[in-house]
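Keep the sequence and the structure open as you read.

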Amino acid sequence: MASLNNLTGSLHPFLVNCTNMQVLHVSTNRLSGIIPREIGRLKSLQRLYVHENLLKGTIPPSLTNCSELQILVASSNKLSGSIPTELGKLSGLHEVYLFSNMLTGVIPSSVVNCSSLSALALQNNSLTGSIPKELGRLSFLKVLLLGRNWLNASIPASISNCTKMEYLFLEFNELDGEIPPGIGNLKNLSILTLGHNRLHGAIPRSLEHCGQLSTLDVDSNEFSGVLPGFAESALPYLQVLKMSQNKLEGEIPNWVWKLRSLQVLDLSHNRFTGQFPTTFQDLDGFKKTSNSAMVGSGDRLKTMYDSGTGRFWINVQFLTTVWDKGTLTSFTYILKIFAFMDMSRNQLTGTIPLELGSLNRLRGLNLSRNSLTGEIPSQLQSMTSLESLDLSHNSLIGSIPESIREMHGLAVLSLSWNHLSGHIPSSSPDYQSNTNFLESSFFPGNEGLCGPPSTNSCSPSISPSSTLVTADKESNVFLFEWVSLTALLVGFAVGYCIMGMLLLVSDNCRAILFKLLPVPTGTRKITPAIRTTYGAYNLPS
């Protein structure tokens, strides 16, 4: 074993003289050159580890003369050419790792003859053609990594026979057709990535039987229809659910809001309708708990060697890509402290639920480009981990909650293209490093907003405090004004009645009030002593 020694040079053909060699482990060095064709003389070789070097050239077909070979690891090199069809002759082969090279050509159909195969990792090459239709014959297959190639045609239906499958990576290819309905037979499946293909049709309901699933990624395909009505207890371990950039429609089913382990939810760029639920009490993965600092399911796609068991193994977490702080970001690790929700570019309606503030582990929240109405709830202040908030391109009204200035971790804020009004909250004086949001956080749109950072000055009647008038205060003001107006009208009516009674019953009162002039006996003409104009009305002459 000579790995991790920074060795240079090449694999010298003299190694073939070690005819009884069973393990050749020279990984993670700086070896260059080719894999010598003489390697086929190592008849006793069982495990070959040459990964993470600078090896070029092709995989020698003579390697198949190593009839005892069980594990072949040549990933992360610069190997080119095609995969030898003779590989199928190695019936005792258990694991093949050739990912991250420059391999071309097709996946040889002869690989299905390796009946003991448990891992086939060909990811990140330039392979073309289709996935072998008889892949289902590999009944012991647990790991199938074919992502980031140029594979086309459909996913073979026989894959449903690989009932021991745990990791199935087919992302970034040109696959078309539908997801085989028998996918639900893969009850041990932990990660399924089908993103960035041309797959279409409906999401099969049989997926709810994949009870061990932690990641389901079908981004950037052409899936349509409504999401199936899974049981609310289905997929209890699902941490990552990504279905963005498809043609999915209808209301978001209730089981989505019951996924207790969920940390990444991306349903953006679809045609979902309806409203948010009123409660998120089951989304424990979006809430802080006592073990919030523990590492979750994310690990690098990297070859490892277990010196204790003498076995090679692979850690197969894929890159999780989300829009974070306005930038497309790939995460190699999914931590327990990370949570993200993107529901943008749908047709969601209704108000932003107050209960959303309870999701205090959320790092990014994007609800933009929907048809949300109502006000921005002040309860969002409770989302203490939030770094990016996008509510733009909706129909939100009212003022921006003053409490938003207390969200000290918020680095990116977008509220533009709404109907917000009132004073823009300023930074908290008690937290000097708090972000001062740019004008682009609020505009264009929201023409009723005023104050820094905008150039719109607020009138004296609009101040930060005036935007904080609560419903109780507003109702008190309205009650006071109503009572005052009523008292004024009642007082005027009473005074008018008393005056009228005095004028009717008392000549002296009339004489005093109107200063009556002497008139002939038997006639009484009342003439005002003063003639003046009161607005538009004249006293009678």
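This model is predicted. Start with Leu265. Setting aside residues up to four places away in sequence, Leu265 touches Leu241, Val256, Trp257, Phe286, Phe340, Met341, Asp342 and Met343.

**Nonpolar cores**
- The largest nonpolar core holds 114 residues.
- Within that core, Leu265 and Met343 touch the most other members.
- Met343 is also one of the residues that Leu265 touches.
- A second, separate core has eleven residues, among them Ala119, Val143, Phe169 and Ile191.
- As background, nonpolar side chains tend to be buried together in soluble globular proteins.

**The disulfide**
- How many disulfides does a search of the whole structure find? The search finds one.
- Cys450 and Cys458 are the two partners, with an S to S distance of 2.0 Å.
- The link of Cys450 and Cys458 is right-handed, with 100 degrees about the S-S bond.
- In general, a disulfide is a covalent bond between the sulfur atoms of two cysteines.

- Is Cys450 buried or exposed? Cys450 has a relative accessible area of 4%, so it counts as buried, the cut-off being under 20%.
- Cys162 is buried, at 0% relative accessibility.
- Cys210 is buried too, with a relative accessibility of 0%.

Key:
Residues numbered from 1 in each chain as written. Predicted model: local features only at pLDDT ≥ 70, side-chain atom pairs only at ≥ 80, totals over all residues. Heavy atoms only, no water. Disulfide = S-S within 2.5 Å. Buried < 20%, exposed > 50% of the residue type's maximum accessible area, 1.4 Å probe, protein only. Core = buried A, V, L, I, M, F, W, Y, C linked by side-chain atoms within 4.5 Å. Contact = heavy atoms within 4.5 Å.
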